[in-house]
Amino acid sequence: MNRLYYRDARLIEEALDQAGRPDWALQIDDAIEGGTSGSQILTQLRTTLIQIQNQNLNLTAELHDQIAQLTNALERALA
């Protein structure tokens with residue numbers, strides 16, 4: 001199951017980089033690479049995605065949806 005979260009996060013990371021937001025792409029990479037356990041990684045990913053949503057960045061609707069969907073999935077997984 002974690003593999004799907006990581007895959008989705010990497011796709012969002014790539015999309016953010018292509019959208020001219022390498023700063024946020026790096027934050028996602030840091031969350032994945034810097035975690036010491038699966039739950040720590042998922043928690044940091046959720047935090048980073050929430051921060052991205054709160055920035056009201058000029059991103060495509062599709063990317064906003066991907067971010068929201070992964071955030072919701074992580075919230076359910078961590079509850």
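1. Let me start with Trp 24. Setting aside residues up to four places away in sequence, Trp 24 touches Leu 16, Thr 48, Gln 51, Ile 52, Gln 55 and Leu 57, where contact means heavy atoms within 4.5 Å. Trp 24 lies in helix H2; helices here are DSSP runs of H or I with at least four residues, strands are runs of E with at least two, and both are numbered from the N terminus. With a relative accessible area of 12%, Trp 24 is buried. The cut-offs are under 20% for buried, over 50% for exposed and partly exposed in between, with a 1.4 Å probe and protein chains only.

2. A word on the source. This is a predicted model, in which local features need pLDDT of at least 70 and side-chain atom pairs count only at pLDDT 80 or more, while totals for chains, interfaces and linings use all residues. Residues are numbered from 1 along each chain as its sequence is written, and side-chain values use heavy atoms, leaving out hydrogens and water.

3. Which residues does Thr 48 touch, not counting those up to four places away in sequence? They are Trp 24, Gln 27, Ile 28 and Ala 31. Thr 48 belongs to helix H3, residues 38–54, and is buried, at a relative accessible area of 0%.

4. Now the overall layout. The protein has four helices and zero strands, so reading from the N terminus gives α-α-α-α. Its C-alpha atoms fill a box of roughly 30 × 20 × 20 Å along the principal axes. For 79 residues, a compact globule would have a radius of gyration near 12 Å, and the 11 Å of this protein agrees with that. That radius is taken over C-alpha atoms, and the globule rule is 2.2 Å times the number of residues to the power 0.38.

5. Next, the inside. Nonpolar side chains tend to be buried together in soluble globular proteins. Here the largest nonpolar core has 21 residues, of which Ile 12, Leu 16, Ile 28, Leu 45, Leu 49 and Ile 52 touch the most other members. Helix H1 (2–18), helix H2 (22–34), H3 and helix H4 (61–78) each give two or more residues to this core. A nonpolar core is a set of buried Ala, Val, Leu, Ile, Met, Phe, Trp, Tyr and Cys residues joined through side-chain atoms within 4.5 Å.

6. Beyond four places in sequence, Ile 12 touches Ile 28, Leu 49, Leu 63, Gln 66, Ile 67 and Leu 70. Ala 9, in helix H1, is buried at 1% relative accessibility. With neighbours within four places left aside, Ala 9 is in contact with Ile 28, Ile 32, Leu 45 and Leu 70.

7. Is Glu 13 buried or exposed? Glu 13 is buried, with a relative accessible area of 15%. This helix H1 residue touches Ala 25, Ile 28 and Asp 29, not counting residues up to four places away in sequence.

8. Asn 56 has a positive phi of about 50° although it is not a glycine. Asn 56 sits in the loop between H3 and H4 and is exposed, at 67% relative accessibility.

9. Finally, some totals. Buried residues make up 30% of the 79 residues. Among contacts between residues at least 6 apart in sequence, 54% join residues at least 24 apart. The protein exposes about 4,800 Å², with carbon and sulfur atoms supplying 46% of it; these areas come from the Shrake-Rupley method with a 1.4 Å probe.
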